[in-house]
Amino acid sequence: MAYNHKKIEARWQKYWKQKKFFVTKDNVKGKKNYYHLVMFPYPSGNAHIGHWYNYAPADVFARFKRMEGYNVLSPMGFDAFGLPAENAAIKRGVSPESWTMSNIKNMTRQIQAMGNINDWSRSVITCLPDYYKWNQWIFLQMYKKGLAYRKKVAANWCPSCKTVLANEQAEGGKCERCGTSVEQKEVTQWLLKITDYADRLLEDLDTLDWPERTKAMQKNWIGRSEGAEIDFPIEESELKIKVFTTRADTLPGVTYLVLAPEHPLIKILDARIRNKNSVRDYLEKSKHKTELERLTDVKEKSGVELQGIKVINPFNKKIISVWVSDYVLGGYGTGAVMAVPAHDERDFDFAKKFELPIIQVVSEDGKQVELKEPFVNDGVMVNSGELDNLPNNIAKDRIIESISAKKKVNYKFRDWLISRQRYWGTPIPIIYCKECGIVPVPEKDLPVKLPKIKDYLPDGLGRSPLAKSEKFLKVKCPECGRLAERETDTMDTFVDSSWYYLRYLDPKNKKSFAESSKIRNWMPVKMYVGGPEHTVMHLLYSRFFTKFLYDEGYLDFKEPFSSLRHQGMILGPDGQKMSKSRGNVIDPDELVEKFGADSMRVYLCFMAEYSQGGPWDPTGILGAYRFLNRVYDLFSKINFDKKPESSNGSENDHKDHKDLNRLVHKTIKKVGEDISGFKFNTAVSAFMILLNEMEKKKNVINKSIAENFIKILAPFAPHISEELWENLGNKKSVHLESWPEYSKHLIEDEEIEFLVQVNGKLRDKILMRKGSSQQDVERAVMAREKMKEFLSGKPKKVIFVQDRLINIVV
C-alpha cells in the first residue's frame, strides 16, 4: 500500500477539527497546566519557510509535553498592525484592514496545514477593536502613574512626506516612501518610562531560563553603569558643561570636550562662537544622519571645534577646547563627553585626526610610554600629580571626592517612544482641550476606534492621516464639554505584542484584558519560542508591561516567560539570506503539496541544530519523504494480529527481538531527552538508526515495539502516526497516549569494554559481561595471546576498576 500523504493529512486534519481536538480547557483534573507559546506572526500574506521553522519543531516540543501528561495550551494569533499594510493601501488602493484580513485568512490556512496543536478558538488579532481597546486601557493606567508622558524628542523627519520615520524606514538617510533625504527634527511625541524599571529588568534576568547570550544582550542594551557627573566650567561664563563618566580616574588626561549636535549650549553660546558658519554647516549635515547611522558610522570621525569656547578641567585647572561631533548623541547621558584619547579608542581616533593632545594618565607599570593605541586596562596613575603611582581604582574615588563630583548610576537605554504618525495602529486615547489641557479618554469610552478613511498619506503638517478625518479629530472635552481635538498619533506596534500572551487566556472578555483566575491558571508562559532578533525590543517591552501590571495588582508574577528558546535562520540553498531578488526563496505550499506536512516537519527538525539554522538542502526534504515512506511501507507489510509479544522462533530470532527491543527503549530515552533539549536533529537521527534495524529485523517486530515507535514518532509526524496507530487496531488517537517509559534495565548494555593496562600503559581492550568480577577479567586477560608478550611470571599487583579497567603491575 503506497503512502498517500495528501489523503492521510486531509483526513486527520478534518478529524482533529471536527473533534475540537486541540481546544484547550482551563482545567483538566489530574493534569498540570503548561503554557507553550511561539511568537505570533505579522500577516504579510504568506507563511514562509521561516514561519515553518519557528512553528513546526516548536510544536514537537508542545506535543511531547502533552504526552508527558500536561494540559498544554499552544495558541496562535496575528500581530496585525504595522506599516506594510499602510504602504500596501497606498500602493494598491485598498484599505489596510481588507489587505490585512485577507492575508490572515490565507496564513491561517497555511499554518493549520502544519498540523500543529494550536488552539485557534483563542486566536487574537491585534488590529481588531476588542483587542486594541486594552492597549488603550493599559496606556491610560500608565498615564495615571506618570509612566506615559509627552515631550519633544529628536526624530527622523522626512520633509517631503512631513512625517516621522522609524530608523528602519530611513536606512541610508533616505525616506523609504519617497527617497528624500531625512532630517533630524525635534517633535513632540508620547513615551513610556521604561527606564523607571531598569534595575528590576536587570536583576530579574538572573531568575530566567533564557539563553545566556540573550540575557547578556538585554543587559548591554540597558547599559547600567556606575560613575560620576562632573561639571566643566566654561571659561569667562557662569555656565558649566555636565559630563557623565565611568572613568573619573582618567580626568587628569582629559584634553578636550565633545558636545552632541543637538546640545542646547551650542545655541546658547552662539554669540561667542567665532567659526559660526563651519559649525552651522556641520549641524545641518548632522540633521541628515539618522541616529542609527551616527551610532554605527565608527570608521570616519567628523567634527568641528567651537572656536571661542573653552572649558576648565576641574581637576588640574587646564584650559581645554570644546568640539561638536555627531558620534555623541543628545539623548544619551548628558549629551556631552569628556575626551581622554590615551584611554578610549573613539577619542584616540578623533584626537589623531584633528591633532589634539594625547596625555597618558594610567599605565601598566607606572611608566609612561609612547602610545600606538589607547591603554584601556586598569593600572597605576602617571602624569597625575600627587596621585602618581596609585592604583587607578583608588585614584578614581579620590578624584571624585576632590572635585566634589556627584556619584551617579546611568543607563544606556532610553524611554520607549511609542508615537507613530501613521494610520494603521492603535489610536492614543488622549484629547487636547484649550481649557483643560491634556485629557485622557474616559475608560467607559474605550475603544477609540480607527475611522475608515480613504487617504492614508500624512496630513502635511507632520500629523498622521487621522488628522484628515474631521469626524475622528473633533470631539467634546470629557471634562468641560467644549470642542476639543483627539491625539492623531497611533501607538508603536510593539505595544500590541507586549501583552498578547495574556489575551490568549481570555480572548472574548469584554470587561478586562483577562480574568484573574485564568491568568493564575496559566501564567507565566512555561516555554516561549521565537527569533533572537526580538531580544532588545519585544522581549524587553513584554517584561516591562508585566512588571507594571504586577505593580498595579493585576498579575501575581513578575516575568512573562519562564523559559525561552530561539530558532535559527534558514538560508537559501546558496547559503545566502532568502530574498526574491536572489531567486532563492523556498515556497512551503509547493513542498507541502509535493511531499506533505509531515515530511516538512521531519526535515525541518533534522536539517540543523534548531538554534542555529542553516542552508536549505533541496534533497533533504526528499530524504525525509523517503524515510516516512519506508515507515509506512514497513508497518503496512506486518500482520501484527499473528505476531506474539515475544518471539517464539529460533535462537537468532530471540536475540534479534531482544536487541531490537533494547534499541527501541534506548531510542525512547534519547528522543525524549533530545526533545526536552530542543535537539530535534539528533532525535530524528535516532529514528533513522532505529528504522534501519527494524527493517533488518522485521520478523521479530511485535505490536509493543510498533506502538512504541509510533508514539515517539507522533510529535514529529502527527498525521502518518495517527494513520498507522489506527491501522494497528487502536480506537483512540495516538495523540491521547502517554510518552512511553523506557526500561532502565533494558537500556544498559550487557557487554562493556574493559581497558587493559600493563604498568599503567594501555595494551589491549576486551569485551566482558557487565558486572564481571576481577577474577573473571584477570583470567580472560591472561588467556589472550596478545597479552603474553607483556606478562611473564606472577603480577606484583592488580588494580581493578569495576566495569572500566584493569591495570596489571609486573
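**Close-up A. I430 has P440 in strand 18 as its bridge partner.** The model shown here is predicted, so local features need pLDDT of at least 70 and side-chain atom pairs count only at pLDDT 80 or more, while totals for chains, interfaces and linings use all residues. Residues are numbered from 1 along each chain as its sequence is written, and side-chain values use heavy atoms, leaving out hydrogens and water. Strand 17 (residues 430–433) is joined to strand 18 by four bridges, and the two run antiparallel. Strands (E, at least two residues) and helices (H or I, at least four) are DSSP runs, numbered from the N terminus.

Close-up B. Two strands pair if DSSP finds at least two bridges between them.

Close-up C. Now look at strand 22 (residues 527–530), which runs parallel to strand 23 and is joined to strand 23 by three bridges. Within this region, V529 stands opposite R565 in strand 23. Angles run from 0 to 180 degrees between N-to-C directions, with axes fitted to C-alpha atoms (for helices, over the stretch in contact).

**Close-up D. Helix 2 (residues 49–67) packs against helix 18 (residues 597–606) at an angle of about 90°.** The axes of these two helices are 9 Å apart. The two helices are therefore roughly perpendicular to each other. That word covers 65 to 115 degrees; under 35 is roughly parallel, over 145 roughly antiparallel and the rest oblique. On the helix 2 side, you can find I49, W52, Y53, A56, P57, D59, V60 and R63, which meet A597, M600, R601, L604 and C605 of helix 18. By class, this contact has ten nonpolar, no polar and three charged residues. Contact means heavy atoms within 4.5 Å. Ala, Val, Leu, Ile, Met, Phe, Trp, Tyr, Cys and Pro count as nonpolar, Asp, Glu, Lys and Arg as charged, and the others, Gly among them, as polar.

**Close-up E. Helix 19 (residues 618–636) and helix 23 (residues 718–727) pack at an angle of about 5°.** Here the helix axes are 11 Å apart. Helix 19 and helix 23 are therefore roughly parallel to each other. To trace the contact, look for L628, V631, Y632 and F635 in helix 19, which meet I720, E723, L724 and N727 in helix 23. Six of these residues are nonpolar, one is polar and one is charged.

**Close-up F. The largest cavity holds about 40 Å³ of space.** Searching the whole structure turns up three cavities of 30 Å³ or more. A cavity is a set of points on a 1 Å grid over the protein atoms alone where a 1.4 Å probe fits but cannot get out; lining residues have an atom within 4 Å of a point. Points are joined across faces, edges and corners, and the volume is the space filled by probe spheres set on them. Around the largest cavity you will see H36, V38, Y55, A58, D59, S74, M76, N116 and N118. Strand 1 (33–38) and helix 2 are the elements that give two or more residues to this lining. Helix 2 supplies the largest share, three residues. By class, the lining has four nonpolar, four polar and one charged residue.

**Close-up G. L446 and P447 are joined by a cis peptide bond, with omega about 0°.** P447 sits in the loop between strand 18 and helix 13 (470–473). Another cis peptide bond, again with omega about 0°, joins M523 and P524. P524 belongs to the loop between helix 15 (516–522) and strand 22. N389 is not a glycine, yet has a positive phi of about 75°. Look for N389 in the loop between strand 13 (380–381) and helix 12 (392–402). Most residues other than glycine have a negative phi, and most peptide bonds are trans.

Key
1 Å grid on protein atoms, 1.4 Å probe; cavity = no way out; pocket = protein on both sides within 12 Å on 5 of 7 lines; lining within 4 Å.
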